[in-house]
Amino acid sequence: MRPILLKGHERSITYVDYNYDGDLLFTASKDNVPTVWSATTGERIGTYNGHQGAVWDLDCNKFSTHLLTASADATCKMWNVETGEEVQTFKHRGPVRGVAWGEGSQCFATISDPFMDAVAMISIYDCPLDSSPESWSQAPRLEIELPKENAVKATNLVFLNLNEALFVTFDDGSIRLYDVVNGKVLNMITPHTKKINNVSFNREKTLFITSSVDTTAKLYDVVKLEHLKTYKTDRPVNDAVISPNKEHILLGGGQDAMSVTTTSGKAGKFETKFFHLVYETEFGVVKGHFGPINALAINPDGRSYASGAEDGYIRLHFFDQSYINMKDPVPDAPTEEAN
Amino acid sequence: MTNLPSDEYEDYMSDGELQYEVKQPKLIENFSTTVIIANLPQVPESKVEKLTSVLKKLTGKVGTLSTATPPLMPMNGDKTHGFSFITFVSSADATKCVEAINSYQFDKSHKLSVHGYDDVCGLRDVPEKYVEKTARPYVPQADVGAWLRDPGQRDAFCIRQGHETEVHWADGLRDPVIDYDGSREKAAGIQWCKDRMEWSPKGSFMATIIKQKGVILWGGEKYEKLGRFAHADVDHVSFSPNEGYIMTVSNKPDAVDAVKIHDIKTGKMIRAFKLYPSDKFREEDEERGEINPPQFSWSYNDEYIARMGEDLITIYELPSMKLLEKKSLLADGIKEFQWSPGANTLAYWSPEKGNSPAQVNLVAIPSRKLLRSKNLFQVNSVLMSWQDEGRFLGCKVLRHTKSKKTVYNNFELFRVMEEGVPVEMLDVKDAVFNFRWEPGGSRFAMVHAENAGATRMNVSFYDMDKTVKADEAGTKKKGKKLTEGQVLPELNLVTTLVDRQCSSLFWSPAGGVIVLASLGDSSSGSLEFYDVNQTITLAMREHYRATDVNWDPSGRMVSTSVCQPLNGAYFKFQMDNGYMLWSFQGKQLFIAAYENFYQFKWRPRKVVLSKEAVKEVETNIKKYEREFDRADKERAKALYLEETKGKRLQRKTFRDRVADLRAVYKSQKQQRIAMNGGYDSDDDSNFTTTIVKMTEIIDTKETVIDEFP
């Protein structure tokens, strides 16, 4: 089916995400204005105006009442999803790179880049939504300084294990788990040799997939942090997501935005690739963008997905019936092994 | 002397006893400087002095005689023995003497026999009784033809990507599979091939080039090391067509052994040469700032190897590597020569010189008989190309008009196999960029365009043989009646394809099909698969930025690849590296992409069946088709079972893992519900429905319907 082209942003897309129910699509862009769209019709429902810089990340809470946005203007803002009003602004000392709600939406965490003499920092805030925003503390509950050696930067963060641990990815290819009480590093693994662009989890947060500049995406087990699968491509991978109801992986990327102008769109490798989750084999591509795909999100019902690219467009794709009916390439019962 | 370092001059300053060593001349402990001259006239004592002085005069011309050991002439009674010992100052002179004076006609009845003293001494130690040598135990050699007996009738190719060198099998039906990837070397901590690799012409050997050390040959079922040929700074290798010999070349103009010829079976070097046959070529190259010396080339059956020199071609016999009949083949003004791929025939051309015209000559070796000579005028350059069986020789002659202002092309086509070697001419007004003979056929294709700067090309196909068509049958030609299907030796145009994107031509080794490709920097990598027999285009394809097109030896598949140079990759070559496989009809079979891709080489395979056997197969093609189809199906089935078995196991392991994880997730259910304020996110029925009534007033309009009366 023809995708719906969501034209509303003026600059490259940095992040796209569905809400928990899958009826809203939130998008962040370098044009300062996070936007919410109808996930079924592609209609633009509203924008959240107030940021002074590129918006790098956003997160909507489980009940779709409050939205958090992280921006290069060194603030993290909380919005009322329905009215678009700004609830609260949390000032940081450097550009805010990522933001994530904690389970239960009573706290959230941000990562900020180093700026001037401020170091890179993970900050955890409390925000009991049932009390008035004025009563919240502007100061974070906990601040964790990121390792200064080698000047690594954090790229993403997620609360794990019932808010006991904070999962953070870095641009040197490593992942660290922090204790949310004392800020100590609980565990560290290095799945990639180059920058981890993105990480995404399945709905139950039992599996995660990392996408890296080293042209691979890797699937890990959340509990044991064990490597399960590797998906190899010929391009830097910007984002990868796990399908909720099929054993599939969607993967997007493309050449480094800097070298895009040197090749034709055909050769830029701007397609969304489909891989089989278990066999690690590629079985399909979806073309359309004319810039590298920066962000992917698949609807929780598994029937549609959205991709946002450097070209400033979001493409909202609805799967054909043939895809939805698609069976595993390997039949269940051994049919011919008897003879 | 105050600042002298004490330790260095300790001995110098010490008052100890003076120690010195008497310098004595080195004792020569062998007789390498002495030669024995035998077969001298036997003379009485009175004439010894005379004979000695004659001998001194003779040997003195070759080298400096030793004054310490004057010539010795032993006596046998009252007459001399008829031999003499001559000692030189250096052993080099002695060796030279043996070469120079041996077999010298001293006088009417005495032909000198000269030998080194050491060599003769060797004869003294020959045991009286002949002891039969015990044969060395037989060590079976690696079976270099094993790959030809592949049960799947597959073809092999080798790729160089990243640090890897991999040999794959491909059959055009399934994805290529790895045969060997240097795992044994990897386990030993060595990279199998760091530089380039080359196949031998029949595919028996694979040569890996190690720049600093030389060349290693690999072969047999397990790619064992079969030979190594030491050559520091080797730049390229060349196998003889029958794989008997290998030549290694390093581009060092000063080295005396820049070109080495080795015997593959014994592993020994049989002769070495300088890079340039004479200083003239070297000076010319230095002026141009390049290294492009005349290369040695092999005759088709490994009998000769030849190189161009100044106005001559030096031909060496193999394996002795002696100059054929001790003299070079004179070739006045020669610019380039080529061996015929089907006979020991040389073709060479020479440009115009003064009043003498440019010439293309065909010479038979070893008889040196001039088979054909063709004079040409107003020649800029000649490009010679043999048909692969040596049936035809095509010469693309670039000529200029008398005013030298415009150039045009003219083909001289030699029918080499026919009596008297008739030559046909073909004038082409257009600029010609490329021309290629059809392997095993009589056709050739050329790329031409109206002017040299054109971007859209025309491709023309010509046939050296004309098959008489039905409508021409019965007509007479040169007094002979023609019949349908008769083949006449007559050049004719098959077809011309106009307005094509094409820079290079690639004929299928099986003939009939050709790939027209536009390769190189500024082009798109378009590929046209064209069937010349039916004159139809089979497919139009594209491989963006492709640099290479290669047919597999059977003509089933074509590979296109984007390769980057091995030495110092440039930025523009770094993108889109990898290769694609296509069927000969242009169906895409396989794509592989790599970060760095250097080489794609099909393993060459010579047709071993005789022409009759090929004919036999062609007539019974139906029978073979069925056989192979059945084998293909069986293999596909086996492969499918194998794959699904592995995958099913993989899937089961993975699903079990996911189930375990879900159990962990479920065990946290109560805590999660508590955290979300009593909301159970796993319960799908756990939602509240709120009906929101919305009233939207689209438009309001007030109209007076009717005034109340």
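Select chain A: its secondary structure comes to one helix and 28 strands (DSSP runs numbered from the N terminus, H or I of at least four residues for helices and E of at least two for strands). The model is predicted, so local features need pLDDT of at least 70 and side-chain atom pairs count only at pLDDT 80 or more, while totals for chains, interfaces and linings use all residues. Residues are numbered from 1 along each chain as its sequence is written, and chains are lettered from A and ligands numbered from 1 in the order in which they are written.

Stay with the whole of chain A. Of its 339 residues, 45% count as buried (20 or more other C-beta atoms within 10 Å of the residue's own, with C-beta atoms placed from the backbone). Among contacts in chain A with a separation of 6 or more, 42% are between residues 24 or more positions apart (a contact has C-beta atoms within 7 Å).

Next, select strands S2 to S5 of chain A. They form an open sheet in the order S2-S3-S4-S5, with antiparallel pairing (two strands pair if DSSP finds at least two bridges between them). Strand S2 (13–18) and strand S5 (44–47) are the edges, each pairing on one side only. From one strand to the next, the twist averages 20° (angles run from 0 to 180 degrees between N-to-C directions of axes fitted to C-alpha atoms).

Inside this sheet, pick S3 (residues 24–29) and S4 (residues 35–38) of chain A, antiparallel strands joined by four bridges. A:Phe26 has A:Val36, in S4(A), as its bridge partner.

Finally, go to residues 607–634 of chain B, where UniProt (unreviewed entry) places the feature "coiled-coil region"; such annotations may be inferred rather than shown by experiment. This stretch is 82% helix and 0% strand, and its end C-alpha atoms are 26 Å apart.

Note on methods. A residue is buried if 20 or more other C-beta atoms lie within 10 Å of its own, exposed if 12 or fewer, and partly exposed in between; C-beta atoms are placed from the backbone. Two residues are in contact if their C-beta atoms, placed from the backbone, lie within 7 Å.
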